[in-house]
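Welcome! Take a moment to turn the model around, then read on.

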Amino acid sequence: RMKMSCCLSSWPRRRFRARRPMSLIVRTFTADGFVIAADGRESDAKDPSDRIDTAQKVFHAKSLCGSFALSISGAVSIVADDGRGYAVEILDQAVKSAESLQYRRTGDLLGYAHRLVRPVHAAMKEAVDSGKLACYPTLPGHASGERGSTLSLIMLDGYHNASRSSVNIRLFHEDGLLAEPEIDSDKLDTDVHYAYASDAIGLLLFESNDEVDNYLKSLPAETTRSIAQQIIDTYRPQRMYINDVMTIEKAIDRSKRYIEACSDPVAIALSEEYARIGGRIHIATVTPNEGFQWVPGYEPATPTNRPEI
């Protein structure tokens with residue numbers, strides 16, 4: 001089994017765009033900096049009821065060249081086949097690797113990402129070579145045209161030598177065999193929310209009234225439409241228009257609303273994926289002048305030991 005985290009989506013014209021249904025991270029780039037938000041639920045890939053709600057999914061990664069938010073979606077650890085502990089702890093390896101790079105220089109964030117993922121990938125490979133895992137499992141959800149099956153997506157957002165940078169690291173397997181990581185620069189459009197969960201909540205909260213009405217009409221039952229309307233009434237923010245500016249404060253508020261709506265137990269009626277979202281919300285900003293900072297009141301919970309499963 002795997003422990004998973006949870007994520008969101010984004011839009012250029014509509015300011016929201018959903019990606020693959022995994023764990024909940026919200027990334028927003030504004031003219032003044034980044035806002036990175038996450039829920040606190042870490043759940044078993046097969047049994048969402050086996051979970052903790054105080055997991056940390058956003059971390060401060062720094063080097064001599066800049067300050068970044070490191071966030072992770074998907075599997076954070078994978079249990080050994082014999083059930084005795086973890087075969088590999090992907091998140092812990094990534095955080096340790098970031099700590100080892102804090103006094104290093106790299107030409108750009110892409111180079112930093114290549115260095116960051118090497119020990120992570122090596123630990124994942126060793127899990128199979130040592131016999132702890134026979135092969136890598138397949139998570140639910142698959143992006144169109146994507147090679148293999150994604151295990152984890154590690155994202156870096158911040159400022160490298162004062163230049164704004166975003167990079168995605170995709171850890172994946174093909175037919176159970178670990179592939180080389182895909183590492184790509186990511187162009188986050190200004191004022192757009194990017195997320196990694198089912199996009200039903202994003203539509204209800206951020207799309208136009210006409211699009212929301214069409215979605216409500218498409219729902220199969222009156223009870224489901226009633227739940228969708230309840231989510232709209234409780235969480236939908238004031239609508240933004242094309243010429244409106246997405247400030248850091250607005251990005252924080254809208255990210256928080258999205259995660260709260262996805263965490264609401266009634267959301268499961270719209271998608272079973274929402275059962276994997278919940279727990280303590282934590283939100284960070286990364287700006288050119290202040291670097292990485294936690295939003296007051298939205299710091300991560302005190303770290304706790306993960307239960308053995």
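The secondary structure of this protein consists of 6 helices and 16 strands. Please keep in mind that you are looking at a predicted model.

**The protein as a whole**

- The protein has 309 residues, and 57% of them count as buried.
- Its accessible surface comes to about 13300 Å², with 47% of that belonging to carbon and sulfur atoms.
- If you take the contacts between residues at least 6 apart in sequence, 68% of them join residues at least 24 apart.

**The nonpolar cores**

- As background, nonpolar side chains tend to be buried together in soluble globular proteins.
- In this model, the largest nonpolar core has 34 residues, and Ile90, Leu116 and Ile169 are those with the most contacts inside it.
- Several elements give two or more residues to this core: the strands are E7 (58-63), E8 (66-79), E9 (86-88), E10 (149-160) and E11 (163-174), and the helices are H1 (90-100) and H2 (109-129).
- Which element gives the most to this core? That is H2, with 9 residues.
- Another core, of 33 residues, lies apart from the largest one, and its members include Ala200, Leu204, Leu219 and Ile277.

**Helices H5 and H6**

- Two packed helices are described by the angle between their axes and the distance between the axes.
- For H5 and helix H6 (residues 248-263), the axes come within 10 Å and cross at roughly 150°.
- Angles over 145 degrees count as roughly antiparallel, so H5 is roughly antiparallel to H6.
- The crossing in which H5 passes H6 is right-handed.
- Where do the two helices meet? Ile231, Thr234 and Tyr235 in H5 meet Arg257, Glu260 and Ala261 in H6.

- You will find Thr224 in helix H5, which spans residues 222-235.
- Is Thr224 buried or exposed? Its relative accessible area is 13%, and buried means under 20%, so Thr224 is buried.
- Not counting residues up to four places away in sequence, Thr224 touches Leu219, Ala269 and Leu270.

Terms used: Residues are numbered from 1 along each chain as its sequence is written. This is a predicted model: local features need pLDDT of at least 70, side-chain atom pairs count only at pLDDT 80 or more; totals for chains, interfaces and linings use all residues. Side-chain values use heavy atoms; hydrogens and water are left out. Helices (H or I, at least four residues) and strands (E, at least two) are DSSP runs, numbered from the N terminus. Buried means under 20% relative accessible area, exposed over 50%, partly exposed in between (1.4 Å probe, protein chains only). Contact means heavy atoms within 4.5 Å. A nonpolar core is a set of buried Ala, Val, Leu, Ile, Met, Phe, Trp, Tyr and Cys residues joined through side-chain atoms within 4.5 Å. Accessible areas come from the Shrake-Rupley method with a 1.4 Å probe; for residues, only the protein chains shown count as cover. Axes are lines fitted to C-alpha atoms, for helices over the stretch in contact, and angles run from 0 to 180 degrees between N-to-C directions. Angles under 35 degrees count as roughly parallel, over 145 as roughly antiparallel, 65 to 115 as roughly perpendicular and the rest as oblique. A crossing is left-handed if the near helix is turned anticlockwise from the far one by less than a right angle, and right-handed if clockwise.
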